Amino acid sequence: MSEHKTALSGDDAALSEKMQDNIQISVGELVAFACRSGDLVSNISGGPTALEGIRAHQKLQKKRPADSEAEYYLQVEIEQEAQSVVLSGRVDILHPQSDLHRPVQLDEIKTTYVPPHKLPESTRALHWAQLKIYGFCYGLQQQFSADTPVALQMLWHNLKEKKTYPELQEFSWRELEQFSREALAQYVQWHHRWQAHKHAVRVSAQALEFPFGRYRDGQRQLAVAAYRCLRDGGELVAEAPTGIGKTISTLFPAVKAMGETGLDQVIYLTAKNSGRQVVRETTTSLHELGLRLSVLELQARDKTCACSLGLCSRDEDGICPRTRGFYDRLPPARQALLAQPLLTPEIIAQEADRLQLCPFELSLQMLPWADLVVCDFNYVFDPLVQMHNLRDTLRQRALLVDEAHNLGDRARGMYSAKLTRSDSRRAAAECKSSHPSLRRAIQSLVRALDKWVVEQRESRTSQNHPTEPVPAKSELWISQPGDETPQAVNTAIQKVLTVANQLWEAAQPPPDAIADWLKNLFRFQAIEQLAGEEHRYITRAQRSSNPESRWHEQEIELLCLNAAEYLQQAYRLFHSAILFSATLRPAHFVYRQLGLQADSPYLQLPSPFHPEQMGLFVCPYVDTRYRARQSATSALVDMIARTFHSRPGNYLVFLPSYRFLQQVAKSFAERFPEIALVQQESGSSEQQRARFLEFFQPGRESLGFAIMGGIFGEGIDYVGEQLVGTIVVGTGLPQVNEEQELLRSASAARGENGFDIAYRYPGLTRVLQTAGRVIRSESDRGVVILADYRFTDPFYRSLYPQHWQPRICDNGETLGAALKQFWETR
């Protein structure tokens, strides 16, 4: 970036200052903030799709009279409470005044699935508010007098009936001005408060000093690179080993950029509760130094919603009482929360309880007004969950992605979807008595799914096995969007969602029991519309054990093999994006999976800890591949015992599967009953996970068995004596299945090493994350055992972190001696 600046003339400087003082807002934004009232009306898919709305608009606009104008652009500058406001928008149809006996008329088109009289009053009022403000803007633009009449017409287009319901009202321009200025006054007052807060943030950010006496090794390098990216824009990838302090090294330069550049908001993504806690602690320490930053933590709906937590009960209509009159009670809550330093789920819940509001929806309402938003990956990357305010291009935002090694797999999941026959049948049964029309639509979907499976069987059988008399008990077919598409299934899905939307718009919501199923259905439809060459249809069918019955389970999965293209689209919403983790290697694999620009800087930092703090022992005398696991069990038990006895303390053994874990743990318990064991359970709850971690406290001697790549192998800080060693069993390769094999073949088709992409690189990430649990501070000391002959392969050795100093141990005796030497050496 050029540092040259041209001095402004006096007039130019005044104009620049005036432009900065202007509030620029669209009519839609003003209405959404200041004119919402009544109930929080919620549906899963948001009513008619954007494509349906566009088609309806085009259809009605083509029918307009010859002297009218479609998409008429409005922009006016207004003085409101000594504040200049630039208000803009587009009117769907403008009918200019043709004679003295007919006033000018503005038409607004709204698509629905029900007649307008069945729409919730809050929805109708919101649309009318938008049209009224359009009328005010047009009158101001044309210099109408106070008594000039303005005709406003709402065109409610019912997609189900293919019928338009016109609703015409006439107002004096004075009435429209009064309505509009009330809305503007509310927004301008809020804007002044918000700008005062933003000024306080900038001033305090400029004055902020680094909160620690010195930078750790590599920490300053990361902070400087992060600041440059935040200032200049673009992308930065940083592999920062454990201990550097990634959170403060990215947040501190982000805060400074908010004080010294045009950066308005920072979105910090972390997939772990522990990551959110670190951000909270870090920002609290900055607040104590005078920073005025407002931090909002977004939590998942099921952990925030009062109904989900059993704190309120739905009324006789199945409606949550906290959504009744939500927008009427929202303004005082918004006022109370603005500029609060920490908007944690607990703080949000307290305010929501005070005014009887839905806490999750209240947290979403505060999104535009927080300086730092801390949330999960899906709020930025998931097409169904993404924060709508990210589309506001007037504000400059930065994206910080912690634990970015998880993003590739998470994003593939966000752009995948699945539909099963059994879940659909259960959903139909839930609607039997209460919603017959929805039940019939779901039953049609089940029949379409049945038909698709039959077509797949007959088509593939005639192609490959024309003489095969009996189908297999389970079958699988793979196709690519564009080549073969389950069109009848997609049509049936659209029918179900249309009926569901009609029910929502008529304030007769579908049964709460099928809410999750409807969300999955909408996801399938949305992903199907986005699907490209990186997607595959996987159709599975399982035959009943009864030879007389038909298929009793079918499913269609729309699988995303690489989400890089969709991640790129999300990055473009931000001025800058910084992705960081302790394990982002090799670079070419990371960039390909995460959709990063090839010329984006890649920063690989050294560990701040001394290599001598960790003893790394590679044991190639064990073969942990699937076919050799039975014979490897005895050697593993001996290895674990030698490691534990070399220096008793807290140890974790990480294995590739629950079956192998149980096998090794059982054998160990039989040989060493005096050592207490704790095992990770499949599908364990948060309480069970907490109990597991209680065993790993300083002063205890616990031996835990856990799954590599699971909750206990990532995102948890075992500081000091909480963990003195880990035994990593195997190279962490993902389980071989249809999905991984498709990923392998797709990568190979691009000229890449498919086995490395699908198996070895993801496995290496798991190993590095697991090994990184041991040394978490300058005073830690511990051991890592890599148990598998493949760890001596040049492929793995070339990817070892620079600070690793592996020692090869060819047998148990050599390992025991090496461990003894490590613990005796200080």
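How much space lies in the second largest cavity? The answer is about 40 Å³, as computed on a predicted model.

## Cavities

A search of the whole structure returns three cavities of 30 Å³ or more. The second largest cavity, with its space of about 40 Å³, is lined by Glu 297, Gln 299, Thr 304, Thr 344, Pro 345, Ile 348 and Ser 363.

## The second largest pocket

The second largest pocket holds about 940 Å³ of space. Its lining consists of 33 residues. Nearest the centre of this pocket lie Gly 245, Lys 246, Thr 247, Val 278 and Asp 717.

Two or more lining residues come from each of two elements, helix H7 (246-260) and helix H8 (273-288). The greatest contribution is that of H8, which supplies seven residues to the lining.

## Charged side chains

The structure contains 41 salt bridges. One of them joins the side chains of Glu 555 and Arg 540, with an N to O distance of 2.8 Å. This pair links distant parts of the chain, the two residues being 15 residues apart. Glu 555 belongs to strand S16 (residues 551-560), whereas Arg 540 belongs to strand S15 (residues 535-543).

## Backbone geometry in loops

The peptide bond from Arg 585 to Pro 586 is cis, and its omega is near -10 degrees. Pro 586 is placed in the loop between strand S17 (576-581) and helix H20 (587-594).

Ala 339 is not a glycine, yet it has a positive phi of about 75 degrees. The loop that holds Ala 339 runs between helix H10 (326-337) and strand S10 (342-343).

Definitions and conventions:
Residues are numbered from 1 along each chain as its sequence is written. This is a predicted model: local features need pLDDT of at least 70, side-chain atom pairs count only at pLDDT 80 or more; totals for chains, interfaces and linings use all residues. Side-chain values use heavy atoms; hydrogens and water are left out. On a 1 Å grid over the protein atoms alone, a cavity is a set of points where a 1.4 Å probe fits but cannot get out, and a pocket is an open set with protein on both sides within 12 Å along at least five of seven lines; lining residues have an atom within 4 Å of a point. Grid points are joined across faces, edges and corners, and a volume is the space filled by probe spheres set on the points. Helices (H or I, at least four residues) and strands (E, at least two) are DSSP runs, numbered from the N terminus. A salt bridge is a side-chain nitrogen of Lys or Arg within 4 Å of a carboxyl oxygen of Asp or Glu.
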